[in-house]
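I opened the notebook to record what I looked up in this structure, entry by entry. The sequence and the model come before my notes.

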Amino acid sequence: MTVLPVASDSDYHLFRPLKHFLRGKTFANYNDLKTAVTDFFASQPLEFWTKGIEELPNRWVKVIDSDGDNIID
């Protein structure tokens, strides 16, 4: 039985751009952070979501081909 990485491929698509967006920013409190994250996702164009869904099969194949090891892009 192969153990897959903890993060799913959808996490990769969603959280990598978020990580770049948040880089270098500081927040006074949790609500400021929550607002920034919510605003980030709300501001993404339809193409962002479409691309993420369309790329899932290719990312799944990479995970299977790597026998469940993490994929570094």
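Which residues form one aromatic cluster? I found that Phe 15, Phe 21, Phe 40, Phe 41, Phe 48 and Trp 49 form it.

**Entry: ground rules.** I noted that this is a predicted model, in which local features need pLDDT of at least 70 and side-chain atom pairs count only at pLDDT 80 or more, while totals for chains, interfaces and linings use all residues. Residues are numbered from 1 along each chain as its sequence is written, and side-chain values use heavy atoms, with hydrogens and water left out.

**Entry: the whole chain.** I looked up the secondary structure and found 3 helices and 0 strands, where helices (H or I, at least four residues) and strands (E, at least two) are DSSP runs numbered from the N terminus. Along the sequence the pattern reads α-α-α. Of the 73 residues in the protein chain, 18% are buried; buried means under 20% relative accessible area, exposed over 50%, and partly exposed in between, with a 1.4 Å probe and protein chains only.

**Entry: aromatic pairs.** I found 5 aromatic pairs in the structure. Rings of Phe, Tyr and Trp (its six-membered ring) pair if their centres lie within 6.5 Å, and planes under 30 degrees apart count as stacked, over 60 as edge-to-face and the rest as tilted. The pair of Phe 15 and Phe 41 is edge-to-face, because the ring centres are 6.4 Å apart and the planes stand at 80°. This pair links distant parts of the chain, since Phe 15 lies in helix H1 (residues 9–22) and Phe 41 in helix H2, 26 residues apart. Phe 15 counts as partly exposed at 42% relative accessibility, whereas Phe 41 counts as buried at 19%. I also looked up Phe 48 and Trp 49, whose ring centres are 4.8 Å apart with planes at 90°, so this pair is edge-to-face. Phe 48 is buried with a relative accessible area of 11%, and Trp 49 is partly exposed at 32%.

Entry: Is Phe 40 buried or exposed? I read a relative accessible area of 7% for Phe 40, so this residue is buried. Phe 40 is found in helix H2 (residues 30–43), and Phe 21 has its place in helix H1. Their C-alpha atoms are separated by 7.8 Å, although the two residues are 19 apart along the chain. Leaving aside neighbours within four places in sequence, Phe 40 is in contact with Leu 14, Pro 17, Leu 18 and Phe 21, contact meaning heavy atoms within 4.5 Å. Phe 21 is partly exposed at 28% relative accessibility, and the charged end of Lys 25 sits over its ring, 4.3 Å from the centre. A charge sits over a ring if NZ of Lys or CZ of Arg is within 6 Å of the ring centre and within 35 degrees of the ring normal.

**Entry: helix H3.** I noted that H3 bends by about 40° at Leu 56, with a proline, Pro 57, following within four residues; the bend is the angle between axes fitted to the seven residues ending there and the seven starting there. In H3, the residues Phe 48, Gly 52, Leu 56, Arg 59 and Val 63 are buried. After H3 comes Asp 67, whose phi is positive, near 60°.
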